[in-house]
Amino acid sequence: MGMILRNCRLPDGRTADLGCRDGRIAEIGDLATRSAQRSLDCDNRLVTPGLVESHIHLDKALLSARTPSVEGTLAEALRITGEAKRGFTVDDIRQRARAVLDLAVRQGTTAMRSYVEVDPIVELKGIEALLPLRDEYRPALDLQLCAFAQEGILHSPGTEALLEEALRRGADLVGGCPYNDTDAHAQIDIVFRLARDFDMDADFHADFFDNPDHLHVRYIAEQTARWGWQGRVAVGHMSELAALDPEELAPIIALMQSAGLGVIMLPATDFYLMGRKDIKNPRRGLAPAKRLLAAGIPVAAATNNVQNAFTPVGNANLPLMGFLVAVGAHMGTARDLAEVFAMLTTYPARILRLPDYGLHVGARADCVVWNAERVEDIVAGVATPRLVVKAGRVTVEHEHCIHEPWRSRN
């Protein structure tokens, strides 16, 4: 074996050893007599698959000092971030992105999808900045880059050609923001055209408002089915679904399920920006996680933004996003908390179509050893990792020491 993790507590409660060879999980069981190049005692700590960050904006992270949130509205965030982008450089983007990647890796993230804005303002600087980081961080994290039209496509002439160039240069998929364009359906059509031309997945920011005035997800689902892109399309935010009555919501969920859409909730951003005009009982702004999950739709919870006008807080800590979903979506039972943890692991891995993901023989040996004994404790207590493993090699080791001199003074 290349490495054996001994005395692991598995998510189902069993204790076993986990043997890794050639970057994959080779055996799970009693491996007391087996030798390895490296052997680590997990001391009955919980071991899970690595965390999967399915929706983050590395290129516009850590901007709060330049563009602080004053009004706290989506319109303000779009406006002032667009202005800030005029001053972006390749080195600036790369420096801020690297800082967030370091935070994510240290907190147990082994796979990530980041949006990279492509438009006449920033042009291809984001792609130039992040493509090298995809290679640099490969030993610790699999990074997907989504060429993304935040400023619109029809609204920003020249964006379509820039998206094509970004895909030619190596972006992994294409994304759009229909609600921020002059013709939402036309933008969706362009994104699907690019996805088909390059045989890539598509990802949309959609229906991010308090009231169900857009519901572009219906058209996205229809086009997904039309072009045979089932299982290859994600929709983020989706707060408008929470404003629908059950009888209105049911057919939309059925349409989404039949189209194989994946939903990505962004609790920190959605809590911060939604319900701003509510002076009584402000709305949470979260997509209806329980109803979506009950329909068999994969639902992920993700970070979105880190310390900018869209979300002035954050540190790329996915268990914290799970904590927010548990509280905001009323998912507090042990079964609910386990489902929330799946929203940080299994479901986003499905949305990102990660091959051989999981904690079973033959899976890629991407896993986390936690300072916890149960899956639900990771979410409930925002647990910290003890070890992070990527492709069967330890990438991060945490040492934690507490001194309490006050106890000896009594």
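This is a predicted model: local features need pLDDT of at least 70, side-chain atom pairs count only at pLDDT 80 or more; totals for chains, interfaces and linings use all residues.

Tutor: The largest cavity has a volume of about 70 Å³. A cavity is a set of points on a 1 Å grid over the protein atoms alone where a 1.4 Å probe fits but cannot get out, and lining residues have an atom within 4 Å of a point. Grid points are joined across faces, edges and corners, and the volume is the space filled by probe spheres set on the points.

Student: OK. What lines the second largest cavity?

Tutor: Asp 59, Lys 60, Lys 85, Phe 88, Ile 93, Glu 117, Val 122 and Gly 126 line it, around about 40 Å³ of space. By class that lining has three nonpolar, one polar and four charged residues. Here Ala, Val, Leu, Ile, Met, Phe, Trp, Tyr, Cys and Pro count as nonpolar, Asp, Glu, Lys and Arg as charged, and the others, Gly among them, as polar.

Student: Now the open ones. What is the volume of the largest pocket?

Tutor: About 430 Å³. A pocket is an open set of points with protein on both sides within 12 Å along at least five of seven lines. The largest pocket is lined by 21 residues, and Ala 242, Arg 284, Leu 286, Ala 287 and Pro 288 lie nearest its centre. The lining divides into 12 nonpolar, four polar and five charged residues.

Student: Which element gives the largest share of that lining?

Tutor: α9, with three residues.

Student: I also have Phe 271 on screen. What does Phe 271 touch?

Tutor: Leaving out residues up to four places away in sequence, Phe 271 touches Arg 284, Leu 286, Leu 324 and Gly 328, where contact means heavy atoms within 4.5 Å. Phe 271 lies in helix α8.

Student: Why does Phe 271 count as partly exposed?

Tutor: Because its relative accessibility is 28%. Buried means under 20% relative accessible area, exposed over 50%, and partly exposed in between, with a 1.4 Å probe and protein chains only.

Student: Switching to α7. Which of its residues are buried?

Tutor: Leu 249, Ile 252, Ile 253, Met 256 and Ala 259. They cover an arc of only 125 degrees around the axis, which puts them on the same side of α7; the arc is that of the directions from the helix axis to the C-beta atoms.

Student: What do those buried residues pack against?

Tutor: α6 (217–226), β11 (233–237), β12 (262–265) and α9 (289–294).

Student: And what follows α7?

Tutor: Gly 260, with a positive phi near 70 degrees. Likewise, α10 is followed by His 330, whose phi is positive, near 55 degrees.

Note on methods:
Residues are numbered from 1 along each chain as its sequence is written. Side-chain values use heavy atoms; hydrogens and water are left out. Helices (H or I, at least four residues) and strands (E, at least two) are DSSP runs, numbered from the N terminus.
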